[in-house]
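Open the model in your viewer and keep the selection panel at hand. The tour moves from the whole chain to a ligand shell and then to a single residue.

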Amino acid sequence: MASSRARPMLSERGAAGSGPAVEAPPPGAPRCSPAAAAALPPLGPPPLAVRELQVAFAGRPVLEGLTLALPAGRVSAIVGPSGAGKTTLLSCFNRLTELLPDCQVRGSVRVGEQEVLQPRCDVVALRRRVGMIFQRPNPFPFSIRKNLVLPLREHGVRGREELQARVERALRAVGLWEEVRERLEAPASTLSGGQQQRLCIARAIALEPQVLLFDEPTAALDPLAAGVIEDLIAGMRGRYTIAVVTHDLGQARRLADHLAVLWPERGIGRLVEAGPAARVFDRPRHPVAAAYLAGRRWDGGATGGG
Ligand SMILES: Nc1ncnc2c1ncn2[C@@H]1O[C@H](COP(=O)(O)OP(=O)(O)OP(=O)(O)O)[C@@H](O)[C@H]1O
Ligand SMILES: [Mg+2]
């Protein structure tokens, strides 16, 4: 993985046959010389940002006026009560929202320089660049190997040796290789819940993404398996830009460099506070965030959002 960070990824060059994800310079524009290009710093993971984000289902808004930046290469935790729009927010970053019936998204959603909501955004390349891991491990109903080979093939990776190398590398990255190397052809459903979740993480990172979105990744796991996933996420810091939605405030405190607190008011989720995790946890500025992070019920009325 580490070596691949230094060269542009397929998603930045544009997936085969799907057009460039980054606009080509206009004709006549000065071109970067090879020497100047070589002097450029290696591409790191991108920051994420939304501006004035509004999401509605069948005209009913569920997120409004959301402006938030998640720093590059860091772990950001997104917390808040059920229905605050955390999953919906994550889904905007790789346009999974467009798979939901009657979902309208407005505003700006950026992954680095890429404006995700533009119609010309290459969604296949975007989803390769921005992987998502869900609360319930959702391996495909195939073998362990096929769970990794299938998406790799779909994204144009060819050749037995290359596929094998990518499978092994991804399984090693999640600490699963030694546990499954003798049974790669066994159904993924024969793995434990924690192993299945690590397989799902391997499936995402096999595509060499830059961003990983975790939606309550340990909620369905026992504390030991949850700890393994948590350590894994902590170890990914710096290589990926990571957003973790969690209801476990202890986990958010352990993992997060950056913290965002969402709050639903009359069914509409808004951001009430965001900033460096240590500051927000220890000195929250908004009373709703302060109550939520202290585990107190909020019954003080409107949040003042919007
Ligand atoms: N497919 C959908 N169709 C209609 N409404 C939806 C859909 N998905 C989510 N919503 C609504 O959007 C709002 C935000 O939901 P979301 O799942 O993003 O909340 P959440 O913060 O992730 O909650 P939880 O902590 O329970 O997972 C809720 O009011 C929910 O009912
Ligand atoms: Mg959710």
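Two residues are in contact if their C-beta atoms, placed from the backbone, lie within 7 Å. Keep that cut-off for the last stop. Note too that this is a predicted model.

**Whole chain.** Colour by secondary structure. The protein chain holds 12 helices and 10 strands. Of its 306 residues, 38% count as buried. Now look at contacts with a separation of 6 or more: residues 24 or more positions apart account for 70% of them.

**Ligand 1.** Select ligand 1 and show the residues around it. The shell consists of Phe57, Val62, Ser82, Gly83, Ala84, Gly85, Lys86, Thr87, Thr88, Leu100, Gly267 and Gly269. Which helix gives the largest share of this shell? Select helix α3, residues 86–93: three residues of the shell come from there. Next, colour the shell by residue class. Seven residues are polar, four are nonpolar and one is charged.

**Leu53.** Move to strand β1, residues 48–57, and pick Leu53 within this strand. Is Leu53 buried or exposed? Leu53 is buried, because 24 other C-beta atoms lie within 10 Å, and the cut-off for buried is 20 or more.

Now show the partners of Leu53. Beyond its neighbours within four places in sequence, Leu53 is in contact with Leu63, Leu66, Cys92, Gly107 and Val109. Finish with a distance: draw a line from the C-alpha of Leu53 to the C-alpha of Val105. The two are 52 residues apart in sequence, and 7.2 Å apart in space.

Definitions and conventions. Residues are numbered from 1 along each chain as its sequence is written. Chains are lettered from A and ligands numbered from 1 in the order in which they are written. This is a predicted model: local features need pLDDT of at least 70, side-chain atom pairs count only at pLDDT 80 or more; totals for chains, interfaces and linings use all residues. Helices (H or I, at least four residues) and strands (E, at least two) are DSSP runs, numbered from the N terminus. A residue is buried if 20 or more other C-beta atoms lie within 10 Å of its own, exposed if 12 or fewer, and partly exposed in between; C-beta atoms are placed from the backbone. A residue is near a molecule or strand if its C-beta atom, placed from the backbone, lies within 6 Å of it. Ala, Val, Leu, Ile, Met, Phe, Trp, Tyr, Cys and Pro count as nonpolar, Asp, Glu, Lys and Arg as charged, and the others, Gly among them, as polar.
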